[in-house]
Amino acid sequence: MILFRCDYGEGAHPEILRRLVETNFEQMDGYGCDPYSESARRKILQACGCPQGEVYLLTGGTQTNATVIAAMLHGYEGAVAVETGHIGVHEAGAVEYTGHKVLTLPQHLGKMDAGELADFLAAFDADPNKDHMVWPGLVYISLPTEYGTLYRRDELSEIRDIAHKYGLLLFIDGARLGYALASPACDYSLSDLKDLCDVFYIGGTKVGALCGEAVVFPHGAPNHFFTTVKQHGALLAKGRLPGVQFDTLFTDNLYGRIAENAIARAHDLVAVLKEKRIPFFLESPTNQQFVILENTYMERLSKEVGFDIWQPYDETHTVVRFATSWATTKEQIERLGALL
């Protein structure tokens, strides 16, 4: 069985495991007060070009999204996302569980349209009954989107400007950020994000780490954010675990280098799928590729290949996702081609 179901099916990059073993018997303070967590935060801020910012190391993507949104919103505010946004469809209502509604807009290949955001916010602002409603307080987007697509720099700038015009913050979910930045189609770098949003996070779980996400506040975190992290169960007592991992990922650009492998293997995957005349549902420039399979064929293939069933296409076909990762090999792509 070869798996292309997700990009976190492997454990961790060998260099991370080596560093975890090497530091295993060092005695350190907990909750991120260890020297490796401090080093990781310093290296991340340097890579992001915002040395005066703040970095917090959290446990996983769902906890990160729920914690950041809860910390940045008032009790009467909600988060604006597209209808396919991760916080609205794949996190079991974690944001709503914190008391903040997800307010949805249409999606366009997974992306938010800045014009539709402007129309939505203008209509809310003009509504005489708005005091009876959930106030939009934050705009949420993921990079890449749920469909592996990318925002251009000008699109991010426009969304940020519209959000700020109406007093909203822009939050970028970067669970797969490494794969966005490694794509040739991406027209910005990690250090550009500080100017394009108010908060973002660098995903480790899906890009080479055992677990963990690094939240970056380029201009400072909300008051008592550390306490909010603990309140939401996103703080590890053994803070050294994400600390050592992110310190390793941001040494000699390991994070960027291993993300490039996922993009290279995705290009190989696209070539194989096209060669076998498998129709694509959409074009993605990152590590998630969506194709249309006839249902009987899909059932046969699923006995030897793991992929993610995404959505029905019609009565006899289904959209499925193949995802490459930092650890995907050429040999695995070749085996898939032989099976197809």
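Predicted model: local features only at pLDDT ≥ 70, side-chain atom pairs only at ≥ 80, totals over all residues.
I started with a cysteine: the sulfur of Cys211 has its closest cysteine sulfur in Cys6, 15 Å away, which is too far for a bond.

**Cysteines**

I asked myself how exposed Cys211 is. Its relative accessibility is 21%, so Cys211 counts as partly exposed. That sits just past the cut-off, because buried means under 20%.

Next I looked up Cys186. The closest cysteine sulfur to Cys186 belongs to Cys197, and at 13 Å that is too far for a bond as well. Cys186 comes out as buried, at 14% relative accessibility. Then I checked how many disulfides turn up in the whole structure. The search gave 0.

**Overall shape**

I found 13 helices and 12 strands in the protein. The C-alpha atoms fill a box of roughly 60 × 55 × 35 Å along the principal axes. What radius of gyration would a compact globule of 340 residues have? It would be near 20 Å, and the protein has 20 Å, so the two agree.

I also noted that 55% of the 340 residues count as buried. Of the contacts with a separation of 6 or more, 73% join residues 24 or more positions apart. The accessible surface comes to about 15,300 Å², and carbon and sulfur atoms make up 51% of that.

For charges, I got 29 positive and 44 negative side chains. The centres of those two sets are 6 Å apart.

**Thr84**

I found Thr84 in the loop between strand E3 (77-82) and helix H4 (86-89). Is Thr84 buried or exposed? It is buried, with a relative accessible area of 14%. Setting aside neighbours within four places in sequence, I listed its contacts as Val89, Gln107, Gly110, Glu146 and Tyr147.

A reminder to myself: most peptide bonds are trans, and most residues other than glycine have a negative phi.

The peptide bond from Leu143 to Pro144 is cis, with omega near 0°. I placed Pro144 in the loop between strand E5 (135-142) and helix H7 (153-165).

Tyr31 has a positive phi, near 60°, and isn't a glycine. Its loop runs between helix H1 (14-22) and helix H2 (35-48), and with a relative accessible area of 37% Tyr31 is partly exposed.

Ala92, not a glycine either, has a positive phi of about 55°. Ala92 is in the loop between H4 and helix H5 (94-97), and at 85% relative accessibility it counts as exposed.

Key:
Residues numbered from 1 in each chain as written. Heavy atoms only, no water. Helix = DSSP H or I, 4+ residues; strand = E, 2+ residues; numbered from the N terminus. Rg over C-alpha atoms; globule rule 2.2 N^0.38 Å. Buried < 20%, exposed > 50% of the residue type's maximum accessible area, 1.4 Å probe, protein only. Contact = heavy atoms within 4.5 Å. Areas by Shrake-Rupley, 256 points an atom, 1.4 Å probe, with all protein chains shown as cover. Lys, Arg positive; Asp, Glu negative; His and termini not counted. Charge placed at Lys NZ, Arg CZ, Asp CG, Glu CD. Disulfide = S-S within 2.5 Å.
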